[in-house]
Each structure stands twice: as structure tokens, then as C-alpha cells.
Amino acid sequence: MISSQQGGRARSSLLGRWLAPLGRRWLGTLIRIETPTPLVALTFDDGPHPRYTPQILDVLAHYHARATFFVLGRHAAEQRDLVAQIAAAGHVIGNHTFHHVRMPQTPRYQRWRELWSAQRAIAPYGTRLFRPPYGGQSYGSRLDALLLGYEVVGWTFHIEDWVTQSPVQLVERLNRQLRPGSIILLHDRLAQPRDPAAADRTPLIEALATFLAQGGKTYRFVTVPELIRAGRPVRGPWFRPAL
């Protein structure tokens, strides 16, 4: 005979199996796309930068690659023509807050203001894609993004491009982790450099050109929305104080 306690656990387990997909869909963070097609999404955070972002746009154009730029509102407000240039080149623009705040440590009213202010700064080019600075996210901040209609985008892998490295090192790290459906975290600007020397994006730009020249023979580089349409989105429980 099954006890009432065992029956309760069974019902709870069954309910959990039904609710888990809904939880991943509504509170999960996009980390990759399950697809056999050799498509990859390059993403750039913290920009735009008046010097480095145009150089990255030139490299992307040369290799017929599209990317997604998660821009800071304060930088977008200073570089409105550059934001328009990014959009005109066929790239997608997402929200990265206005001041690059740590979302879990920020009061709710300020989180909403950060998102609203950044969205105004990137209008009319912004999409409802959001990446929290440092990848930091709590249940509360994730719920805020959901209520404001954002798809939260994490990443499949990064190459620590906020640390000084040579172009060769950066390319090796990119190639080693590259898989179909990957979302790659890069930076066209460092909002708050931990390593001052890494604020120079020249090594990354050189690495990007080499990487696209090599990977372009096998992979096609697309925006996050394009990648989502190409397969099954994989969303995970992404709750962390900060990277």
C-alpha cells in the first residue's frame, strides 16, 4: 500500500516534471542553441567604443558575419551615430543596462530604471534582448527582466578577453571551444577594466579577423535571433552574483 506521504511525493515529482520546462522557458537564461547546422552567434558587450567598435564592424563586414551588440545606455547616448551604424550593418542591438550595474546587488526600482534608460538610449534600434552585466543575476532580477519582456541571453563560453592576451592565445581559445549553436561572449569595450592593459581591444580585433577567416570556411556567424530560429533554444538556471 502506498502511504499518503509517498503519494504526496509522487504527485510533487510529477508536478515538478510538468513545471520544469515552464520554469526553463520563463525563468531560464538562453545559453546555446541545439542545432546540427554550423551556426554561431558572436556577441559583444559594453560598447559602443568610438575607436574599436568601427574596427570590429569592418572586420565583420569583410567576412560577411553578423553579430549581436549588448550596449551600455550611457555609451549609446554618447555614440548615437555609431549605434545607428551597427544597426544599419545588419547587426542586432541588445540591452546591457545604462551604467553597467550588478543586478543582484541593485534595488528593484533602480534595476527597472537601468533597463528603461538603456532601452531609450538604444531606440529605435534596440531589441528585447538583455544581458546582465558580469552575467550576474538573481531570481528577483530575472523576474524583473521577464516582467519587462526581455529574453535574457547568457553565453556558451567566453575567452576571458578582459585579461591581457596575445591574438594567438585568443584565437586558440575560440577554436578550442567552438561548437554549432554556440553563443560567444566578447567585448568591443571594457566598461570597468580589471586589467587596464586589456582595455586596448587591438589584440581581440586581430584575433577576430583570424578566427573569422578560419572559422568562416565551416561556420556561419549570425545574430542571436537568427540563431534562435535555427534550432532548439537551451535555457538554464543562470543565477549567480557576478562573473
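**Core and helix packing**

1. The largest nonpolar core has 37 residues, and those with the most contacts inside it are L42, F44, L60, F69, I184 and L212. Such a core is a set of buried Ala, Val, Leu, Ile, Met, Phe, Trp, Tyr and Cys residues joined through side-chain atoms within 4.5 Å, where buried means under 20% relative accessible area with a 1.4 Å probe, protein chains only.

2. This is a predicted model, in which local features need pLDDT of at least 70 and side-chain atom pairs count only at pLDDT 80 or more, while totals for chains, interfaces and linings use all residues. Residues are numbered from 1 along each chain as its sequence is written, and side-chain values use heavy atoms, with hydrogens and water left out.

3. Two or more residues of this core come from each of β2 (39-45), α2 (52-62), β3 (68-71), α4 (80-88), α5 (108-122), α7, β8 (183-187) and α8, and α8 gives the most, with six residues. Helices (H or I, at least four residues) and strands (E, at least two) are DSSP runs, numbered from the N terminus.

4. Leaving aside neighbours within four places in sequence, F69 is in contact (heavy atoms within 4.5 Å) with residues including F44, L60, V92 and D188.

5. Helices α7 (residues 167-177) and α8 (residues 202-215) pack at an angle of about 45 degrees, with their axes 8 Å apart. The contact includes L170 and L174 of α7 and A207 and F211 of α8.

How values were computed
Axes fitted to C-alpha atoms, helices over the stretch in contact; angles between N-to-C directions. Buried < 20%, exposed > 50% of the residue type's maximum accessible area, 1.4 Å probe, protein only.
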